[in-house]
Amino acid sequence: MAKRLQARRLDGIDHNPWVEFVQLASEEADVVNLGQGFPDFSPPEFAVEAFQHAVSGDFMLNQYTKAFVIIIEPFFDCYEPMTLMAGGRPVFVSLKPSPTQKGEPDSSSNWQLDPTELASKFTSRTKAFILNTPNNPLGKVFSKEELELVASLCQQHDVVCISDEVYQWMVFDGFQHISIASLPGMWERTLTIGSAGKTFSVTGWKVGWVLGPDSLMKHLRTVHQNSIYHCATQGQAAVAQSFEREQLHFGRPSSYFVQLPQYIQRCRDHMIQSLQSMGFRPVIPQGSYFLITDISDFKNKMPDLPGAAGEPYDRRFVKWMIKNKGLVAVPVSIFFSLPHQKFFDHYIRFCFVKDESTLRAMDQKLQKWKAELTP
């Protein structure tokens, strides 16, 4: 047909890198999947019991129940196509790493926004600002000072802040998660997004929430009502019961919100040590499920890995690593806008929220790899 069937705003967003790399991993017989962000251990018993109760209990739960948008990169890759689908225009501003002393490990706290560059992105046409803290894929937890800068610009230009805080309970090393909505003047212009999947380690439930003032929520409810409508009622009921349980234990050693980050930090430290032993240079995350690691040394030693013309190095490296080393990661360039991908193609992302058996399998793969390099 000569008639164009696809809206122009969808051009370029039909390719899904997750499908590509998940399919590649599934084609290999013996791989350790450290790419996708899901726990491969059981969720807490109380959450499972709440879901079982919701499914088998009340039977009624089975019934019905072109603006500019600033996006900080690296960003979870759905932000850009979602903005385009809504008819908006994404405007990108990059976190950039500060130099570190030789031999000193890099940290996600070293990746910062340039205040002047950030301010220059705001114009009279800016309608929304997307914030993600703790950040995926970097693991950066934005400080109060950084959030105050964003808040002042949003207020100065009358911009709505959409704050993705799904990893709010996964913060390490004494860092503190601060919700930007808690800052003066921000509640009335902020939508705060949370996730039961991340909060209770049940990523398959697909239950989440948004907090905000009614002046914003009424519009969100309209969109939600006429698109998703709602998710499974039993999942919502189970999440509500899980929160009620956590409210009784909040701040105590018995709280899942206390236990989970402690366990995840041990997993993070395990992965960091293992990757460093192989010559990777991890960027130590302050929060989230993920860390990125610098592969510049590998890029220098084997720059000519097979791949399509113009394909970023990190994508070629991940494909090579899956096929030849049995380890799955995600290329970090997919978390950047197209013009900036070439500047960040020497990083890959690993998920460390894994069972101990998965981490031991990773160790074996890395040690085998290391032995192959030993003369």
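This is a predicted model: local features need pLDDT of at least 70, side-chain atom pairs count only at pLDDT 80 or more; totals for chains, interfaces and linings use all residues.
Residues are numbered from 1 along each chain as its sequence is written, and side-chain values use heavy atoms, with hydrogens and water left out.

**View 1. Domain 1 and domain 2 of the protein chain.**
Domain 1 covers 63-97 + 105-249 and domain 2 covers 256-373; these bounds come from an automatic or database domain assignment. Taken over C-alpha atoms, the centres of domain 1 and domain 2 are 25 Å apart. In contact (heavy atoms within 4.5 Å) are 39 residues of domain 1 and 27 residues of domain 2. The two domains bury about 2,900 Å² between them, with 62% of it on carbon and sulfur atoms. Buried area here is the accessible area (1.4 Å probe) that two parts lose on being put together, summed over both. Of the area that domain 1 buries against domain 2, P137, W169 and F172 supply 22%, more than any other three residues.

Between domain 1 and domain 2 there are 18 residue pairs in polar contact, both residues at pLDDT 80 or more. A polar contact is a pair of N or O atoms within 3.5 Å; within protein, one must be able to donate a hydrogen and the other to accept it, and residues adjacent in sequence count only if both atoms are side-chain atoms. On the side of domain 1 that touches domain 2, β3 (89-94), β5 (106-107), α6 (196-199) and α8 (233-249) each supply at least two residues. Helices (H or I, at least four residues) and strands (E, at least two) are DSSP runs, numbered from the N terminus. By class, this side of domain 1 has 20 nonpolar, 11 polar and 8 charged residues. Ala, Val, Leu, Ile, Met, Phe, Trp, Tyr, Cys and Pro count as nonpolar, Asp, Glu, Lys and Arg as charged, and the others, Gly among them, as polar.

Side chains of opposite charge can pair when their charged atoms come close. A salt bridge is counted where a side-chain nitrogen of Lys or Arg is within 4 Å of a carboxyl oxygen of Asp or Glu. A search of the whole structure finds 14 salt bridges. Buried means under 20% relative accessible area, exposed over 50%, and partly exposed in between (1.4 Å probe, protein chains only). R189 counts as buried because its relative accessibility is 15%, whereas D158 counts as exposed at 58%.

**View 2. Salt bridge between K299 and D345.**
The closest N and O atoms of K299 and D345 are 2.9 Å apart. This pair also links distant parts of the chain: K299 is in helix α10 (residues 296-301) and D345 in the loop between β14 (330-331) and β15 (347-351), 46 residues apart. K299 is partly exposed, with a relative accessible area of 27%, and D345 is buried, with 9%.

**View 3. Salt bridge between D173 and R268.**
In the D173 to R268 salt bridge, the closest N and O atoms are 2.7 Å apart. The count of salt bridges between domain 1 and domain 2 is 1.

**View 4. Salt bridge between D214 and R221.**
The side chains of D214 and R221 meet at 2.6 Å, N to O. D214 counts as partly exposed at 48% relative accessibility, and R221 is partly exposed with a relative accessible area of 44%.

**View 5. Surroundings of S195.**
S195 is found in strand β9 and counts as buried, at 12% relative accessibility. Its side chain reaches the backbone nitrogen of G197 at 3.2 Å. A polar atom of the S195 side chain also lies 3.1 Å from the backbone nitrogen of K198. Leaving aside neighbours within four places in sequence, S195 is in contact with V166, V207, G208 and W209.
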